[in-house]
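This report describes selected local features of a single protein model. The sequence and structure are shown first, followed by the description.

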Amino acid sequence: MMGSLATPQLLLDRGEGCHVWDVDGKRYLDFLAGIAVNTLGHAHPALVAAVSKQVATLAHVSNFFATPQQLELAERLCRISGAGDRGRVYFGNSGAEAIEAAIKLARLNKGDGSRRRILALHNSFHGRTMGSLSLTGKAALREAFEPLLGGVEHIDTTIEALEAAIDDTVAAIVIEPIKGEAGVIDLPDGFLQRARELTAEHGALLILDEIQTGIGRTGSWFSFQQDGIVPDAIVLAKGIAGGVPIGALITFGAASDLFVPGQHGSTFGGNPLATAAGNAVLTEIEDAGLIENAARRGNELREIITAIGSPLVTEIRGRGLLLGIGLAEPVAAQVAAKALELGLIINAPNDSSIRLAPPLIVGDAELAEFRDLFTQALAAATPQGQR
């Protein structure tokens, strides 16, 4: 494996529901779900059946052609996002690839030719390709690869900073509704609504990165739907196809007219295999009421974490089944390591935050198992004088 990746923590062999097993047969409760990807958990029958059928029928065609699976998924995404008949969908293979499409969309929003700036937020994460890294607001990830894409400016996540930065030279602002990789950090109250007002006033695009927050994870199909706004575009990936690689850019209204034939494409994006998987996942989410389950189980998780009463836990952030647990001490890595040793997969995105993103199918038994294992992991990392 390339040295760009950290040493893998486990050698995993198989999964079922909310659990995975390593090559030695040890069982783990997966409360990270492949970083919010495995929407239906592991080896869900609906996904297995759809992929098996599609790969035995037609796995790939070039983008010279379309397939019923591709059109069905595009129409479904326009419906659930509210983009409707004016909406358009571009399919890629990953979140980073979808972000690249969003950057090109922003470049096409030229106005009189003076719109050359793209705004993004400090401490944001949009990917690691050169374009998506240019939007990512983490200096430690960017510095080794500079110079990056020109015209991108990072601002503080405050309404005051937004008001000061935006004018008629801004082509777009790209925002995560919740900063997942930063530790599941919520935006300030009213931030998205003010961003919508200002971008509309100045002719800039409001592009939302829903890669981690989309597909039901926060208790609605997309997080922005809880904020009472309509963006110009959203970027998707992760949970769409439950583990089969796919990304998408959805445009709303006039933004749907910016791309013209020949300006963008992808070899594998939107092929019948990936889109059949996406259709199976979205159908199961609707039929099984998994959005409602995400909202309900997210509230129950908050209650469980609060009831543990650990002096380490200072706050719980996020929505639905994307939660960030703030810690009083910089021991997040120790908590995650102890949890893994006990058989619980969680994530430490920084020194003082734990991220939870379990599959949307999570139920009573999994929450009870989480409570027991996480209580032990917190206790092991708590300084003796605080226990």
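## Surroundings of R115

The backbone oxygen of H202 lies 2.6 Å from a polar atom of the R115 side chain. The backbone oxygen of D168 is likewise placed, 3.1 Å from a polar atom of that side chain. R115 belongs to the loop that connects α4 (95-108) with β5 (117-121); helices (H or I, at least four residues) and strands (E, at least two) are DSSP runs, numbered from the N terminus.

The model is predicted: local features require pLDDT of at least 70 and side-chain atom pairs pLDDT 80 or more, whereas totals for chains, interfaces and linings use all residues. Residues are numbered from 1 along each chain as its sequence is written, and side-chain values use heavy atoms, without hydrogens and water.

## Charge and burial at R115

R115 is buried but forms no salt bridge, and D168, the nearest side chain of opposite charge, is 4.9 Å away. Buried denotes under 20% relative accessible area, exposed over 50%, and partly exposed the range in between (1.4 Å probe, protein chains only). A salt bridge requires a side-chain nitrogen of Lys or Arg within 4 Å of a carboxyl oxygen of Asp or Glu. For charge, Lys and Arg count as positive and Asp and Glu as negative, while His and the chain ends are not counted.

Neighbours within four places in sequence aside, the contacts of R115 (heavy atoms within 4.5 Å) include N109, K110, D167, T169 and G203.

## The loop at T169

T169 is located in the loop between α7 (159-165) and β7 (170-175). T169 is partly exposed, with a relative accessible area of 28%. Beyond four places in sequence, T169 is in contact with S114, R115, R116 and R117.

The side chains of T169 and D167 form a polar contact of 2.5 Å; such a contact is a pair of N or O atoms within 3.5 Å, where within protein one must be able to donate a hydrogen and the other to accept it, and residues adjacent in sequence count only if both atoms are side-chain atoms.

In β5, 5 of 5 residues are buried. R117, L119 and L121 point one way from the strand, and I118 and A120 the other way. In a regular strand, side chains alternate between the two faces of the sheet.

β5 pairs with β7 in the parallel sense over 3 bridges, pairing being defined by at least two DSSP bridges between strands. R117 has V170 as its bridge partner in β7. β5 also runs parallel to β6 (residues 152-155), joined by 4 bridges, and I155 of β6 is the bridge partner of L121.
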